[in-house]
Every structure is written in structure tokens, then in C-alpha cells.
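Subject: Structure handover

Hello,

Here is the structure I promised to pass on. Please open it first, then read my notes below.

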Amino acid sequence: MARQVNVMVDEESWRVIRRLPPGRRSRAVNTAIHEWAAAAWRRDASARMDAHRERLPAVETDRIVRWIREGRERRLP
């Protein structure tokens, strides 16, 4: 379900938006919001991973490889 909202944009943004045909403006704004939200989610997830990385002890590469292989073997039919 679509919702109508009123927003204020600066002049530069309005110059970009007004060049779009009226039927494409909402789609352009929705796309921009979704892309912004996805980027924000990735930044937040990356920050959380960095915080975990700082708190947790380091693990050797060969041990990680062994865990991955064991996990793959468990999933094989």
C-alpha cells in the first residue's frame, strides 16, 4: 500500500526531481530511500562486526578452514 507524504528538499534536489516525469518521481524517491537504507544497514552491520572483532580472540586460518569444511560435510546428502 502506498502512502503519500510531504517532504522538504533543497533547491539542488528539486532541480533533479523536477526533471523527472511526474509518474517516475515517486519511483526515484523510493529507490533512493531503499538504497540509502541498505547502505545504512551495511554500515551498522560492519560496525557491529568490528566491535565483535575487537572483543573476541583471534582464530588461526587453518582452524577456520577446518570449521568451514566440517560445516560443508554436514550439509552433504
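Let me start with burial. Buried residues make up 4% of the 77 residues in the protein. Keep in mind that this is a predicted model. The protein exposes about 7,900 Å². Carbon and sulfur atoms supply 55% of that area.

Next, the overall build. There are 3 helices and 0 strands. Along the sequence, the pattern reads α-α-α. The radius of gyration is 22 Å, well over the 11 Å that the globule rule gives for 77 residues, so the protein is more spread out than a compact globule. Its C-alpha atoms fill a box of roughly 55 × 35 × 20 Å, taken along the principal axes.

You can check the spread on one pair of residues. Find Pro21 in the loop between helix 1 and helix 2. Now find Arg75, which sits in helix 3 (residues 61-75). Pro21 and Arg75 are 54 residues apart along the chain. Their C-alpha atoms are separated by 51 Å.

Now the charges. The protein carries 18 positive and 11 negative side chains. The centres of the two sets lie 8 Å apart.

How many salt bridges does the structure hold? It holds 1. The partners are Arg53 and Asp50, and their closest N and O atoms are 2.6 Å apart. Both residues lie in helix 2 (residues 22-55). They are 3 residues apart, which is about one turn of the helix. Is Arg53 buried or exposed? Arg53 is exposed, because its relative accessible area is 54% and the cut-off for exposed is over 50%. Asp50 has 34% relative accessibility, so it counts as partly exposed.

- The positive patch: Arg69, Arg72, Arg74 and Arg75 form it. Arg75 has a relative accessible area of 68%, so it is exposed.
- The nonpolar patch: Val5, Val7, Val9 and Trp14 form it on the surface. Together they have about 380 Å² of accessible area. Trp14 has its place in helix 1 (residues 11-18). Trp14 counts as partly exposed, because its relative accessibility is 35%.

Begin with helix 1 (residues 11-18) and pick out Trp14. Pass Pro21 in the loop between helix 1 and helix 2. Follow helix 2 (residues 22-55) to Asp50 and Arg53.

Best wishes

Key:
Residues are numbered from 1 along each chain as its sequence is written. This is a predicted model: local features need pLDDT of at least 70, side-chain atom pairs count only at pLDDT 80 or more; totals for chains, interfaces and linings use all residues. Side-chain values use heavy atoms; hydrogens and water are left out. Patches are made of residues with over 30% relative accessible area and no salt bridge: like charges are joined within 9 Å, nonpolar side chains (Val, Leu, Ile, Met, Phe, Trp, Tyr) within 5 Å. Accessible areas come from the Shrake-Rupley method with a 1.4 Å probe; for residues, only the protein chains shown count as cover. A salt bridge is a side-chain nitrogen of Lys or Arg within 4 Å of a carboxyl oxygen of Asp or Glu. Helices (H or I, at least four residues) and strands (E, at least two) are DSSP runs, numbered from the N terminus. Buried means under 20% relative accessible area, exposed over 50%, partly exposed in between (1.4 Å probe, protein chains only). Lys and Arg count as positive and Asp and Glu as negative; His and the chain ends are not counted. The place of a charge is taken as NZ of Lys, CZ of Arg, CG of Asp or CD of Glu. The radius of gyration is taken over C-alpha atoms; the globule rule is 2.2 Å times the number of residues to the power 0.38.
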